[in-house]
4 protein chains.
Amino acid sequence: MLHFDSDYMRGAHPEVMKRLMETNMEQTPGYGTDCHTANAERLILDACGLKDGKVYFFTGGTQTNATVIDGLLSRHEGVLAAGTAHINVHEAGAVEAAGHKVITLPSSGGKLSAETIRQYISDFYKDSSYEHMVAPGMVYISHPTELGTLYTLAELEGLCSVCREAGIPLYMDGARLGYGLAAYGTDVTLKDIARLCDVFYIGGTKAGALFGEAVVATRPDLLGHFAPLIKQHGAMLAKGRLLGIQFETLFTGDLYMRICRNAVQAAMKLKEGFIGKGYELYIDSPTNQQFFILPDGKIDKLMQVATFELWGPRNGEKTPARFVTDWATCQNEVEELIRYL
Amino acid sequence: MLHFDSDYMRGAHPEVMKRLMETNMEQTPGYGTDCHTANAERLILDACGLKDGKVYFFTGGTQTNATVIDGLLSRHEGVLAAGTAHINVHEAGAVEAAGHKVITLPSSGGKLSAETIRQYISDFYKDSSYEHMVAPGMVYISHPTELGTLYTLAELEGLCSVCREAGIPLYMDGARLGYGLAAYGTDVTLKDIARLCDVFYIGGTKAGALFGEAVVATRPDLLGHFAPLIKQHGAMLAKGRLLGIQFETLFTGDLYMRICRNAVQAAMKLKEGFIGKGYELYIDSPTNQQFFILPDGKIDKLMQVATFELWGPRNGEKTPARFVTDWATCQNEVEELIRYL
Amino acid sequence: MLHFDSDYMRGAHPEVMKRLMETNMEQTPGYGTDCHTANAERLILDACGLKDGKVYFFTGGTQTNATVIDGLLSRHEGVLAAGTAHINVHEAGAVEAAGHKVITLPSSGGKLSAETIRQYISDFYKDSSYEHMVAPGMVYISHPTELGTLYTLAELEGLCSVCREAGIPLYMDGARLGYGLAAYGTDVTLKDIARLCDVFYIGGTKAGALFGEAVVATRPDLLGHFAPLIKQHGAMLAKGRLLGIQFETLFTGDLYMRICRNAVQAAMKLKEGFIGKGYELYIDSPTNQQFFILPDGKIDKLMQVATFELWGPRNGEKTPARFVTDWATCQNEVEELIRYL
Amino acid sequence: MLHFDSDYMRGAHPEVMKRLMETNMEQTPGYGTDCHTANAERLILDACGLKDGKVYFFTGGTQTNATVIDGLLSRHEGVLAAGTAHINVHEAGAVEAAGHKVITLPSSGGKLSAETIRQYISDFYKDSSYEHMVAPGMVYISHPTELGTLYTLAELEGLCSVCREAGIPLYMDGARLGYGLAAYGTDVTLKDIARLCDVFYIGGTKAGALFGEAVVATRPDLLGHFAPLIKQHGAMLAKGRLLGIQFETLFTGDLYMRICRNAVQAAMKLKEGFIGKGYELYIDSPTNQQFFILPDGKIDKLMQVATFELWGPRNGEKTPARFVTDWATCQNEVEELIRYL
């Protein structure tokens with residue numbers, strides 16, 4: 001059976017496992033106060049071109065989003081996001097459970113535009129009863145989005161501008177950031193992101209780590225009194241070094257980018273294969289998530305040899321389906337899948 | 001100056017004030033355990049044709065909505081509502097502050113359709129990852145809606161059906177319920193509402209009371225352990241009898257309906273007047289809220305003699321405006337306004 | 001039947017009712033933006049000797065406490081309070097429902113001492129794991145306390161000092177503030193309170209108003225973005241002027257102090273009477289709450305002619321009981337009660 | 001340097017690491033729906049002697065406590081706990097952040113007594129204003145406690161009885177459960193705990209796992225709709241199998257108990273050593289945490305060769321100190337430490 005349902009089906013990259021083994025019997029203080037975590041922070045800030053940011057490590061995406069959003073918003077504020085945003089749809093209401101509203105805006109291909117945000121904020125403060133409404137307190141984007149699409153540098157610059165004008169932080173969910181950075185044709189680098197976003201996270205769970213997301217606060221004061229908040233959200237790992245060691249490994253010798261490139265190459269090969277066999281793209285994604293429209297008969301057949309995710313309910317004839325590659329997907333897995341088409 | 005901005009600009013109906021004066025020096029136990037409150041509950045249940053419901057009194061609409069929704073939902077559930085719903089727009093995120101998501105659905109004229117809800121719930125449980133999403137836990141509607149529109153009896157029956165199929169409660173925000181019940185041409189009675197909704201409230205603040213909303217739970221078990229929740233929401237009035245006395249008065253001798261009818265008559269006269277002068281309706285409302293599209297020059301002139309609310313930002317030529325009547329609006333106020341057109 | 005159970009059993013002082021009647025048909029804008037509310041704010045700030053504070057009006061004590069505490073605390077902070085504090089015992093967990101911990105400290109006669117607080121804060125920051133603990137973010141006291149006791153000026157100055165040293169606000173719950181200010185022998189004035197506390201409230205519900213508490217923020221920046229928070233807590237009254245008019249009346253011509261003095265005089269007469277008949281004080285309170293230890297046989301007899309509250313469970317022989325007077329208690333009510341002893 | 005500060009300073013038991021390596025390239029579905037997790041659940045239920053319980057895996061103690069307590073309590077309820085309880089002191093207010101009150105009761109040696117709880121609940125419902133108070137909704141105990149003490153079987157039976165009488169669940173925090181079960185002289189087995197508690201967790205983080213806690217709900221309905229709640233609390237691990245594999249390993253061939261016994265043996269040797277050298281016990285603990293009273297001069301000297309935790313602030317002469325052993329502590333580490341005394 002071939003598996004293309006998601007990018008969190010395997011464990012960690014062998015290099016990461018090796019380091020976890022090597023360090024296993026070290027005795028270090030807890031809660032991220034160890035030297036591996038400090039080193040990982042330094043390596044990440046370096047990769048981001050940041051001098052005095054702060055890095056906080058988490059164990060998963062929903063946890064990260066809920067805690068960061070809670071840390072950035074005041075009680076009277078909500079987070080602006082696309083209606084399709086992960087925080088709005090697939091996090092079981094974690095943002096609301098912490099008391100904050102997700103204010104949804106129209107989006108296209110999973111992306112928010114600077115203009116939409118500017119208009120919303122402008123209209124908001126023109127409304128005479130705005131004190132009875134939830135104030136826009138930050139902007140949430142994901143890169144890549146849930147649909148595998150990417151912001152261009154110009155679009156990110158626009159988002160950055162509108163947020164700075166409004167005096168609210170721009171936060172990027174980078175659950176699959178590596179795959180976005182490794183995408184063919186993207187003009188966005190990690191340093192751009194660190195320059196344009198206020199807070200973002202570098203996803204590890206889906207990109208080579210056993211688990212782990214590295215939140216980068218580009219200014220150290222952005223997330224004040226964050227340690228107790230992390231604890232309160234149940235997100236402080238006793239053996240914090242486990243996160244430190246994994247990111248230390250991923251950010252040594254360009255490993256993170258190297259393994260993400262593999263996933264993108266495999267995804268591009270997959271796309272080529274599907275197109276070559278005459279299938280239609282549902283969305284044209286340059287990242288490790290590929291979406292095709294498949295006849296339902298073909299879906300049934302493919303499901304006998306491969307796992308993948310239907311993107312929406314079957315409607316009787318054709319249904320979009322998602323195929324995901326990861327750092328470990330190998331050439332012949334893709335070739336085998338394409339042969340079955 | 002004429003005032004048509006809202007229906008909460010005056011105090012209470014004189015009959016209500018009279019009773020508050022008469023009872024002022026009575027000594028009664030607190031927190032709604034007095035005889036006036038008990039009597040008000042009985043009168044309201046009678047008017048609703050309910051034998052064993054429960055009535056809870058609150059001091060305002062946002063407080064009522066936040067507390068009732070908190071009482072009806074489990075932690076993993078959210079409330080389905082129109083995007084234009086008061087709870088989604090004008091309550092400062094009170095529902096989210098208590099930890100619950102407002103799940104917005106497409107609506108028309110402020111109204112939700114049974115079909116929209118049925119489809120949403122059906123799709124929801126077909127989604128294999130629905131345990132990562134906020135479950136639909138109740139339906140919120142308002143009657144009249146924020147736009148002065150009304151559900152028909154058939155529409156309410158449809159909403160009731162879909163909620164019962166799904167096993168979730170139907171909750172009606174009745175901030176202006178009296179004006180809806182008194183509307184010309186409505187086929188919905190208070191008894192229908194009590195039969196079709198699980199919980200609803202009868203608005204007093206905008207309809208003759210100094211303040212006060214009467215929540216009717218049509219089955220006594222619907223809002224279990226509700227007293228501590230009311231307290232927790234800061235909604236338990238020490239001198240609870242103040243609410244009891246007001247609703248006792250409003251529900252004696254049909255006073256509530258009588259005074260609401262006055263507002264509707266005035267509103268219909270107003271509508272006639274505007275139409276007679278050639279103005280276009282923005283929405284055709286049969287209730288005490290009337291919406292007209294006015295040329296911006298006319299708006300400026302009218303604002304010298306009357307207060308009213310613009311419904312959206314001015315766009316340079318024509319803007320919709322809202323005019324609201326209430327239980328105390330008198331014939332000559334309306335006539336005077338129309339003269340100024 | 002004589003009623004001494006509480007100070008919220010009657011309506012409002014006749015002068016307050018008169019003003020509500022006189023203003024009833026005025027049309028004013030909502031949510032506290034009317035002229036009565038502005039005037040009430042000015043009168044209160046004047047009485048407090050404050051130039052640039054802010055006053056916010058609420059409808060009840062629990063609502064006030066929950067909203068103010070939510071406004072003053074950051075998410076990682078809790079409120080220091082006596083174990084006997086109203087917020088810790090009798091508010092159904094409203095503070096916690098908004099996400100904050102009540103950190104209880106040892107108290108004496110319902111009062112916190114500066115030394116206890118200083119020690120707690122000092123120990124807290126000495127603890128190497130304090131980031132895993134709830135930080136002390138403010139101090140809550142009540143004056144009079146739940147036991148009818150009062151802080152001295154020196155004690156309040158001590159509390160003020162420790163809070164300023166620690167950089168956290170001192171908040172006073174003044175549900176019965178008037179009765180405290182009117183107490184025989186107190187050396188604390190309203191101006192002292194305004195000088196020493198950061199935020200406090202002047203209780204109206206128990207002291208002449210139908211309902212209403214006036215929160216005084218002694219610096220305008222203390223409760224930033226407070227309007228949406230008030231709304232979120234369900235505490236924004238549509239007809240906000242009702243609160244404005246009541247406090248306008250109470251703070252015109254010294255009415256508030258005058259009527260509170262009546263309650264204290266009646267309470268002192270009551271105390272004299274009980275002592276004269278040989279009963280033991282449970283607590284020696286100079287305010288409108290009096291606590292005596294009564295033999296259980298006497299309790300049964302008294303309950304046939306008067307209502308009052310037992311202070312704790314009966315233990316078979318003697319039980320403390322609370323008798324409360326208010327602005328309307330008259331001489332012969334007290335005399336009649338004493339005759340029954 | 002010798003390390004005795006805590007039991008979470010190393011990685012995982014080599015057997016656990018080995019299994020993580022062996023399974024690393026397996027592809028399994030996410031979120032705990034894999035076969036390792038199912039197998040771990042079965043092994044744990046078997047060890048507990050439970051037929052139809054449910055097991056949920058978490059990554060840390062605070063996360064576990066906050067989520068389980070949120071799952072067990074209704075909104076109007078709080079959790080009864082010792083004042084010294086971890087949830088009351090060292091979890092940064094996570095329970096309150098989710099809206100619940102920790103109701104603290106007097107305790108002795110970190111333990112609650114059945115009698116204290118029974119009295120509290122009885123008094124609570126005798127109070128006429130109990131609907132204004134936070135209802136006791138569950139009991140939290142830890143075993144071993146924060147002080148390394150253990151409940152006897154009779155004590156646990158008493159706690160179970162009082163909870164069943166009151167109809168509220170008994171929840172045991174077992175962060176160090178293995179060390180409690182392996183303690184010399186305890187008469188409590190895992191099966192006893194599964195019989196007497198409603199929900200409890202078996203700590204892995206401090207006992208052989210990289211991270212992980214296994215929550216056992218002894219009846220499947222106790223934690224209804226728990227998956228979305230887990231997600232909401234940020235506690236659903238994408239690669240859930242990581243928890244499954246670790247507990248699968250720990251509960252195969254008695255590994256969990258075997259390695260916990262090692263820690264207890266080392267701790268007993270340590271205790272002997274300290275006593276032999278004339279040091280006084282601060283608390284007599286039969287588990288892997290040992291508390292001694294040390295002269296401050298001795299503390300300074302010891303700190304040059306070993307790390308350990310001071311239990312409270314130094315007071316100038318003698319201070320209690322905690323020494324913790326774990327599954328990996330070896331004989332000569334203990335001997336070396338004792339030599340330094």
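Strands β2(C) and β8(C) run antiparallel and are joined by five bridges; two strands count as paired if DSSP finds at least two bridges between them. Helices (H or I, at least four residues) and strands (E, at least two) are DSSP runs, numbered from the N terminus. In this pairing C:Phe57 stands opposite C:Ala214 of β8(C). The model is a predicted one: local features need pLDDT of at least 70, side-chain atom pairs count only at pLDDT 80 or more, and totals for chains, interfaces and linings use all residues. Residues are numbered from 1 along each chain as its sequence is written, and chains are lettered from A, with ligands numbered from 1, in the order in which they are written.

**The sheet of chain C**

β8(C) also pairs with strand β7 (residues 199-203) of chain C, in the antiparallel sense and over five bridges. Here C:Val199 stands opposite C:Ala217. Strand β8 (residues 213-217) is mostly covered, with five of its five residues buried. A residue is buried if 20 or more other C-beta atoms lie within 10 Å of its own, exposed if 12 or fewer, and partly exposed in between, with C-beta atoms placed from the backbone. In a regular strand the side chains alternate between the two faces of the sheet. On one side of β8(C) are C:Glu213, C:Val215 and C:Ala217, and on the other are C:Ala214 and C:Val216; both faces are covered.

These strands belong to an open sheet of seven strands in chain C, with the order β2-β8-β7-β6-β5-β3-β4 and mixed pairing. Its edge strands, each pairing on one side only, are β2 (54-58) and β4 (102-105). From one strand to the next the twist averages 25°; axes are lines fitted to C-alpha atoms, for helices over the stretch in contact, and angles run from 0 to 180 degrees between N-to-C directions. A parallel pair is formed by β3 (residues 77-82) and β5 (residues 135-142) of chain C, joined by four bridges. In it C:Gly78 stands opposite C:Pro136 of β5(C).

**Helix α12 of chain D**

Helix α12 (residues 255-276) of chain D has 22 residues and reaches 32 Å from its first C-alpha to its last, close to the 32 Å expected at 1.5 Å a residue. The expected span is 1.5 Å times one less than the number of residues. Its buried residues include D:Tyr256, D:Ile259, D:Leu270 and D:Phe274. The buried residues of α12(D) pack against α8 (177-181), α11 (241-250), β10 (289-295), β13 (318-324) and α14 (331-340) of chain D.

**Backbone features**

| Site | Feature | Value |
|---|---|---|
| C:His143 and C:Pro144 | cis peptide bond | omega about -5° |
| D:His143 and D:Pro144 | cis peptide bond | omega about -5° |
| A:Ala92 | positive phi | near 55° |
| D:Asp254 | positive phi | about 65° |
| D:Gly278 | positive phi | about 90° |

C:Pro144 lies in the loop between β5 and α7 (153-166) of chain C. D:Pro144 lies in the loop between β5 (135-142) and α7 (153-166) of chain D. A:Ala92 is found in the loop between α4 (86-89) and α5 (94-97) of chain A, and counts as buried because 30 C-beta neighbours lie inside 10 Å. D:Asp254 lies in the loop between α11 and α12 of chain D, and counts as exposed because it has 11 C-beta neighbours inside 10 Å.

**Domains of chain A**

The domain assignment of chain A, which is automatic or from a database, gives domain 1 (2-7 + 256-340) and domain 2 (14-254). Their C-alpha centres lie 27 Å apart. The contact takes 18 residues from domain 1 and 22 residues from domain 2; two residues are in contact if their C-beta atoms, placed from the backbone, lie within 7 Å. On the domain 1 side, the largest share, nine residues, comes from α12(A).

**Contacts between chains**

In the contact of chain D with chain A, 41 residues of chain D meet 41 residues of chain A. On the chain D side, α3(D) gives the most, with four residues. The residues of that side divide into 19 nonpolar, 18 polar and four charged. Here Ala, Val, Leu, Ile, Met, Phe, Trp, Tyr, Cys and Pro count as nonpolar, Asp, Glu, Lys and Arg as charged, and the others, Gly among them, as polar.

Chain A also has 13 residues in contact with 13 residues of chain C. Helix α10 (residues 226-232) of chain A gives the most to the chain A side, with four residues.
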